[in-house]
Amino acid sequence: MTAVKSLPVYSCGHVHLIDAYERADDHSQTLSWAATTLPCSKCCREGLMSLDLSPQVYVNLQQLSPGMAAFVIEVSEVVQPLDGVLDLTGYSRRAPSKDELHPGGDAFDVPCAVWRKEYWFANETEPMHVIALLRHLKQEMRWLETYLPAGERAVHFADFVPPNN
Ligand SMILES: [Zn+2]
């Protein structure tokens, strides 16, 4: 095991848990470092709980153009400081997607906007590369769920934000 030289320290003063950091892959470690200007996942989770909010995450596969598909992550019920964490880690505010063929559009005038991130790949991509991408994404979910009051139970694969959520 390689010794961890330094760990992310967040704006609340808390340090990233060493166990969680060592279990994370490079991708998720990078995500942790990107959000250190904001409170840590535990403080963020407690803030959401005090507001009685429970953001849910929907991960699915969408056909975004004739030659390209994407793994799409959408997060509902997001408030500060989680919106900042998502903003710093590549998510943007969009309307929720309806299904595999109807991605959500701009977030203007949408009361139930979500935070979305897309991992695009060409239709002819080798399956092993798609699987590697999926593995990447699962690691990202292990990171994101630490911010959520419902943890792992808030992450839904192959599912969409329920209508009127
Ligand atoms: Zn903290």
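## Helix H2 and its neighbours

The buried residues of H2 pack against helix H1 (18-23) and H5. Here, a residue counts as buried if 20 or more other C-beta atoms lie within 10 Å of its own, as exposed if 12 or fewer do, and as partly exposed in between, with C-beta atoms placed from the backbone. Helices (H or I, at least four residues) and strands (E, at least two) are DSSP runs, numbered from the N terminus. This is a predicted model, in which local features need pLDDT of at least 70 and side-chain atom pairs count only at pLDDT 80 or more, while totals for chains, interfaces and linings use all residues. Residues are numbered from 1 along each chain as its sequence is written.

Helix H2 covers residues 26-34, and its buried residues are Ser28, Gln29 and Ser32. Seen down the axis of H2, these buried residues fall within an arc of 105 degrees, so they line one face of the helix. The arc is that of the directions from the helix axis to the C-beta atoms. Asp26 and Thr30 are exposed and sit on the face of H2 turned away from its buried side.

## The nonpolar core

A nonpolar core is a set of buried Ala, Val, Leu, Ile, Met, Phe, Trp, Tyr and Cys residues joined through C-beta atoms within 7 Å. The largest one has 28 residues, and those with the most contacts inside it are Val57, Val75, Leu82, Val85 and Leu86. Elements that give two or more residues to this core include helix H3 (41-50), strand E1 (57-65), helix H4 (82-88) and helix H5 (127-144). E2 gives the most, with 4 residues.

Two residues are in contact if their C-beta atoms, placed from the backbone, lie within 7 Å. Leaving aside residues up to four places away in sequence, Val85 touches Ala35, Leu38, Cys44 and Tyr147.

## Strand pairing

Two strands pair if DSSP finds at least two bridges between them. E2 and E4 pair in the antiparallel sense over 8 bridges, and Ala70 stands opposite Trp120 in E4. Strand E3 (residues 92-94) also pairs with E4 in the antiparallel sense, over 3 bridges. In E4, Val114 stands opposite Arg94.

## The whole chain

The protein chain has 5 helices and 5 strands. From the N terminus on, the elements run α-α-α-β-β-α-β-β-α-β. Buried residues make up 29% of the 165 residues.
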